[in-house]
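Work through the following exercises with the structure in view. Try each task before reading its solution.

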Amino acid sequence: MEAAEPNDRACRDQPMKFANICLIAAREIRDHLRDRRTLAMMILLPVGLYPILAISVYQLAQFLEEKPCRVLVVGADLWMEQSGVPKLLDEDHPQYFHPALFSDLRRQRLLEVISGAEVGIAGQGTPEILRREIEHLVASARVDVAVWFPPEFCRFVDEWARGEAFGFHRAGEGSGPQLFYSTASDRSQVAYGRLQAVLDRWRELWRRQALAARGVPQEVLDPFGVAAADVAVVRGRQGAALWARILPVLLIIWAATGAFYPAIDACAGEKERGTLETLLISPAKRVEIVLGKLCSVALFSALTSLTNVWSMMVSGWLFLQRLPQFGAPPLRLSLWLVAAVIPIAILFAAVSVALAARARSTREAQYYLMPVILITMPLVLLPTTPGVEMSLGMSLIPVTGLVLLLKELLAGQIADQWGYVVPVAGVTVGLCVLAVRTAIRQFESEKVLFREAEILSLRTIAWAVGKLRNQSLGPRHGVAVGLVILSLKLAWSVRIQTPTDFRGFVHQQILAQVVAFALPAVLGAILLSRWPAATLSLRFSSWKHLLTAIILAFLLQPSAVFLQQRLRYLFPPGHATQEFLHHLDTLVMEGSLPLALLAFALIPAVCEELAFRGMVLGSFVARERYLLGVVTSALIFAAAHVFAVQQIMALALGLVLGAMVVSTGSLWPAMVFHAVYNGGMLWASRIGAASPAHLVLRPALERFDLAEDPRATATILALLAMAVVFVWGLGFGWQLNQQRARPVNREQGVPH
């Protein structure tokens, strides 16, 4: 092995050859094409499946019809015989409502009227008894919806018939017709919508008769009619909105599925067949091997996705275009799908190759498919939600921005979407580069490539427990504890009630910090490592590092305020979220400042740093994986927050805190930084300032006329000063502090 190391280094120093990439890609393509199951899944299945589905939908659509709903009417027999009152029920067919209440007579048969006598309600008794009986009938699904006319409404009808009542507010809100339905039943909700429309039209007849009785002519009541025209039918885009929602989702889901199985065969399958070692000792570099496999996997991903999409479009064009809710698919605009499938196929191919290379066997690799789908599905389904529209903030969300852009382009809204092509393409290409780099790193790691499959037995479990007690902390332990923390935080957020007073809010905040963050981190360090204090980086820190943390916290605040304002512009919170945040801000502003600093500055600084920079980052530092640890701990720290703007702010702050811990080798500067940062922002909001740094820099800038926009200039100066202070206080000792940050010497088994 020592003699082969210079040859490997010389091979790595050679330039990458495109011919080797093509050769490996061609080899992988031939291997996949030899498998008949691959061809069947990629070509034969979509070609035969979607026409069958389209024919089935077309046949079912011919037999599908709206079913009639059962409507219980109670109390109407007491006033139905009054003259001069708009008719509610059909006189010739009492089991239906009056034809005048329907704009389309075909919908009259969709509501079947059931009297109270048919279900054992005679209309007598106290209102409370009648209400309970009606509620029981609706809840037990004996009737779909019910309408009850109370005795007060009957007296109102008598006054109306005698000409003594013309005001419709006379009966009051609680004495008019009352509807009963159940949201637990889809059939009941449909019946409620239909009955509500009938009663609205009936009430309109009452209004017309009242105005006519006062001498208002009919022309005033109905001065003109309204005609509607569907421009989608005129322009040949009927059903384009439906296809625009379906096709991008189908494109991405099949791209992910089409990439994973070829990647399993190309990586985990080669491990089981024993051909991976032969490929690795070939003259081709690791990068060339990865890129060759990526090209073949991306090709099959793109072909699988496009074959399924085109097959569905052709089937829809042949069989479903006659249905009004479908229409013909936008065949001319489908070229956008071809342009979008290239980066999507590369992205999922790189992710699939990285996961498949990490798997010990094809069975283990198949288990990795479900997390990929679970992560992808929310990003894909979010654009299909009603009310979600394209914006600059949405275009920066991975996969979601691409689906939204394709949705608008397929719907024919091309002119308004050119401005979002650049951010969507930038995010997608960036993800592709990151995924490809991750796949390359997997192939460069011998430990990942040649891990053997583990057989679960009692001896294996005993060996794993003993090894866990005697080994230093690893990244998987930190990530596992981080996932436990996220689960506890999510459960706490769901179960907790909205605070109504300041002291209750403080109590919830402190309890959540201790239970969800600090307790799992401390227990994890005690149970999973031999030196908990060293694992959590609880080492002494110099005064220089603590002073640097305080200064950096103040200098970072102007940039954080600017970033928060930009994020709120890109991702504006909803009305309910704004009201909730405003309620919490009001509680904090009206409470005691020392208690607020304790609950929202000091306690989070200790608990959150123990959890994310202590436990999660410490597990990566123990294995000298500093950059990955900083990023991972920042991502988990961001996921622990609820709202999108808070998550992005927490991600940026987590990167700074992680770099500080790695540079100093201690958790204390990060705690001090966190406490000063939160406390300074809280105190500044109390006095109506953006941040403490703005209070110091803005007056000087305004006094000496150094800038037209003192706030922006203060932010820039604070950033420059922050860079200088970081280099002065932390930057020069980076390599030395990395050595100090390691809690355990794995070779000797003792702490540094």
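**Exercise 1: Helices H26 and H27**

H26 passes H27 in a right-handed crossing. The model is a predicted one.

Task: Decide how H26 and H27 are oriented to each other, and name the residues that meet.

Solution. 
Step 1. Helix H26 covers residues 593-621 and helix H27 covers residues 626-639. They pack at an angle of about 150 degrees, and their axes are 8 Å apart.
Step 2. Angles over 145 degrees count as roughly antiparallel.
Step 3. H26 and H27 are therefore roughly antiparallel to each other.
Step 4. On the H26 side the meeting residues are Glu 608, Phe 612, Arg 613, Val 616, Leu 617, Phe 620 and Val 621. On the H27 side they are Tyr 626, Leu 628, Gly 629, Val 630, Thr 632, Ser 633, Ile 636 and Phe 637.

**Exercise 2: Helix H29 and its partners**

Task: State how H29 is oriented to H26 and how H29 is oriented to H24.

Solution. 
Step 1. For H26 and H29 the packing angle is about 150 degrees, with the axes 8 Å apart. The two helices are therefore roughly antiparallel to each other.
Step 2. The crossing of H26 and H29 is right-handed. Its contact includes Leu 593, Phe 600 and Pro 604 of H26, and Ala 670, His 674 and Trp 683 of H29.
Step 3. Helix H24 (residues 543-570) and helix H29 (residues 668-686) pack at an angle of about 40 degrees, and their axes are 8 Å apart. Angles under 35 degrees count as roughly parallel, and 65 to 115 as roughly perpendicular.
Step 4. H24 and H29 are therefore oblique to each other. Their crossing is right-handed. Among the residues in contact are His 545, Leu 552 and Phe 554 of H24, and Trp 668, Phe 673 and Tyr 677 of H29.

**Exercise 3: Helix lengths and a kink**

Task: Check the spans of H13 and H15 against 1.5 Å a residue, and find the kink in H13.

Solution. 
Step 1. Helix H13 (residues 335-358) has 24 residues, so it should span 34 Å at 1.5 Å a residue. Its end C-alpha atoms are 35 Å apart, which agrees.
Step 2. H13 has a kink of about 30 degrees at Val 341, shortly before the proline Pro 343.
Step 3. Helix H15 (residues 369-381) has 13 residues and reaches 18 Å between its first and last C-alpha, close to the 18 Å expected.
Step 4. The buried residues in H15 include Leu 369, Val 372, Ile 373, Thr 376 and Val 380. An α-helix has 3.6 residues a turn, so residues three or four places apart point the same way.

**Exercise 4: Buried or partly exposed?**

Task: Classify Pro 150 and Arg 208 by their relative accessibility.

Solution. 
Step 1. Buried means under 20% relative accessible area.
Step 2. Pro 150 lies in the loop between strand S3 and helix H5. Its relative accessibility is 2%, so Pro 150 counts as buried.
Step 3. Pro 150 and Gly 176 are 26 residues apart along the chain, and their C-alpha atoms are separated by 7.0 Å.
Step 4. Arg 208 is found in helix H6. Because its relative accessibility is 23%, Arg 208 counts as partly exposed.

**Exercise 5: The whole protein**

Task: How many helices and strands are there, and what share of the residues is buried?

Solution. 
Step 1. The secondary structure comes to 32 helices and four strands.
Step 2. Of the 752 residues in the protein, 43% are buried.

Conventions. Residues numbered from 1 in each chain as written. Predicted model: local features only at pLDDT ≥ 70, side-chain atom pairs only at ≥ 80, totals over all residues. Heavy atoms only, no water. Expected span 1.5 Å × (residues − 1). Buried < 20%, exposed > 50% of the residue type's maximum accessible area, 1.4 Å probe, protein only. Bend = angle between axes of the 7 residues up to and from the residue. Axes fitted to C-alpha atoms, helices over the stretch in contact; angles between N-to-C directions. Left-handed = near helix turned anticlockwise from the far one by under 90°. Contact = heavy atoms within 4.5 Å.
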